[in-house]
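Here are a few friendly notes to read alongside the model. Keep the 3D view open and find each spot as you go.

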Amino acid sequence: MTTGKYRHTFVGIAALLCCAAAPTTLHANSRVEAAPNLRVTVMAAKVDPDRNGMYEDLTGTIDAYAVLSTLPATETHTTTTRRNVSTASWEDEPFTFRPQAAGSYLRVAVWDHDHVGEDDFVADTHISLDYVKEKGLTDITVPLSGKDKESRGTVSVKITNQL
Ligand SMILES: [Ca+2]
Ligand SMILES: [Ca+2]
């Protein structure tokens, strides 16, 4: 009983020492800790013709907008809508995301806005931000896939870091 009590006290002191030292360490490394913000722009979304009548309007086009979100710490931005297109660009609409933890993804989803009924989901993609950082990529073109995982076109995004 007595030994157990002393051991418990020792662990308590060790924990206190650890916590007391932590702020000093963080302060010393504050420049390193400051991760840059992400600046993301959807340069082009090219959507394939709709073979199954899932999203295209009667015009054979869509009213495209893109929803950009980070995972798992969700932060979402939505572009404006480009009417009657199969290829859309939002190069004049950059979005800034807070610094993301390791293992995060950027999800880019393309939707068709409809006046009647709910908007149609067209396709999406997930981009590993670790991979982008590791390879030093800034301009990325990746496949878009639908709910059925079939290819639905491509999306090109520009990702840059800014402090
Ligand atoms: Ca539609
Ligand atoms: Ca529409």
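1. Where is the place of Asn84? Asn84 sits in strand β4, which covers residues 82-85. Do keep in mind that this is a predicted model. Asn84 has a positive phi of about 50°, although this residue is not a glycine. Asn84 counts as exposed because it has 11 C-beta neighbours inside 10 Å, and the cut-off for exposed is 12 or fewer.

2. Now look at Lys149, another residue other than glycine with a positive phi, here near 70°. You will find Lys149 in the loop between β9 (139-145) and β10. Lys149 has 8 other C-beta atoms within 10 Å, so this residue is exposed.

3. Next comes a peptide bond to check. The bond from Leu71 to Pro72 is cis, and its omega is near 5°. Pro72 belongs to the loop between β2 and β3 (76-78).

4. Then turn to the inside. The largest nonpolar core has 25 residues, and those touching the most other members are Val42, Ala45, Ala66, Val108, Val110, Val122 and Val155. At least two residues of this core come from each of β1 (37-47), β2 (62-71), β7 (105-112), β8 (120-128) and β10 (151-162).

5. Which residues is Val155 in contact with, leaving aside its neighbours within four places in sequence? They are Val42, Ala45, Val108, Val110, Thr125, Val142 and Leu144.

Methods:
Residues numbered from 1 in each chain as written. Chains lettered and ligands numbered in written order. Predicted model: local features only at pLDDT ≥ 70, side-chain atom pairs only at ≥ 80, totals over all residues. Core = buried A, V, L, I, M, F, W, Y, C linked by C-beta atoms within 7 Å. Buried ≥ 20, exposed ≤ 12 C-beta atoms within 10 Å, placed from the backbone. Helix = DSSP H or I, 4+ residues; strand = E, 2+ residues; numbered from the N terminus. Contact = placed C-beta atoms within 7 Å.
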